[in-house]
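Work through the exercises below with the sequence and the 3D structure at hand. Each task is followed by a solution in steps.

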Amino acid sequence: MASPDPRRERLLLAGWLAAAFALSAVTDLRALGLAALAAAVAFRRGMARALARVARLVLPVTLAMSALSWAFLRLGAPAAPPLQPFLALAARTLLLAFLAFSVLARVNLLRALAPWPAATRLVVVALAQIHALRLLATESADGLRSRLPRRPGPLDVVRNASGITAALLVLAVRNAREVSDAMRSRGF
């Protein structure tokens with residue numbers, strides 16, 4: 001199987017950045033709906049997988065943050081705040097996440113950014129951090145499973161979240177220090 005053309009990947013990456021920049025200013029729900037329709041047509045291949053990732057990773061946090069923000073404003077105001085800004089914010093977040101997942105599934109970042117060494121280094125550092133944190137989360141979940149006689153539920157995860165969060169922060173600081181030392185020793 002032939003590898004994709006790096007120029008095409010760069011164009012797709014540039015289009016994604018331009019779309020993300022433009023969409024970040026859109027607050028009209030109809031315009032966001034049209035943009036979502038255009039995104040669905042443009043990325044119809046693999047759409048189910050991208051939507052599943054959005055539903056699993058982005059939708060719960062987005063809905064929770066929108067609901068908490070609305071409830072917080074409702075507590076301090078005599079009347080209920082309008083829902084339209086919260087819906088637009090959630091729709092925009094979901095659309096941007098769908099675009100990001102769809103584009104990243106089609107682009108090899110290291111190959112696309114190869115002409116720009118600084119950008120390649122930044123991607124390598126980010127990927128290393130993601131890998132380290134994912135490994136820690138997986139090991140923490142395995143550790144939680146091994147300590148309980150049953151499958152851990154959401155309450156068990158919440159109870160152990162502080163320990164995992166502290167370990168994540170310590171690991172992130174240690175990784176950042178190591179990466180910083182490595183880059184300084186190479187003259188950056």
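**Exercise 1: Annotated spans**

Over residues 85-107 the chain is 96% helix and 0% strand, with the end C-alpha atoms 32 Å apart. Helices (H or I, at least four residues) and strands (E, at least two) are DSSP runs, numbered from the N terminus. The model is predicted: local features need pLDDT of at least 70, side-chain atom pairs count only at pLDDT 80 or more, and totals for chains, interfaces and linings use all residues. Residues are numbered from 1 along each chain as its sequence is written, and side-chain values use heavy atoms, with hydrogens and water left out.

Task: State which residues the UniProt annotation "transmembrane region" covers, and describe residues 12-42.

Solution. 
1. The unreviewed UniProt entry gives this annotation to residues 12-42, 54-73 and 85-107. Such annotations may be inferred rather than shown by experiment, and their positions follow the numbering used here, with feature names shortened.
2. Residues 12-42 are 84% helix and 0% strand, and their end C-alpha atoms lie 11 Å apart.

**Exercise 2: α2 and α4**

Task: Describe how helix α2 (residues 29-42) packs with α4.

Solution. 
1. Two packed helices are described by the angle between their axes and the distance between the axes.
2. The axes of α2 and α4 cross at roughly 15 degrees and come within 10 Å. Axes are lines fitted to C-alpha atoms, for helices over the stretch in contact, and angles run from 0 to 180 degrees between N-to-C directions.
3. Therefore α2 and α4 are roughly parallel. Angles under 35 degrees count as roughly parallel, over 145 as roughly antiparallel, 65 to 115 as roughly perpendicular and the rest as oblique.
4. By class, the α2 contact with α4 has twelve nonpolar residues, one polar and one charged. Ala, Val, Leu, Ile, Met, Phe, Trp, Tyr, Cys and Pro count as nonpolar, Asp, Glu, Lys and Arg as charged, and the others, Gly among them, as polar.

**Exercise 3: Two further pairs**

Task: How are α3 and α4 oriented, and how are α6 and α8 oriented?

Solution. 
1. Helix α3 (residues 47-76) and helix α4 (residues 84-106) cross at roughly 155 degrees, their axes coming within 9 Å. That makes α3 roughly antiparallel to α4.
2. The α3 contact with α4 holds 15 nonpolar, five polar and one charged residue.
3. Helix α6 (residues 117-147) packs against helix α8 (residues 161-185) at about 150 degrees, with the axes 10 Å apart. Therefore α6 and α8 are roughly antiparallel.
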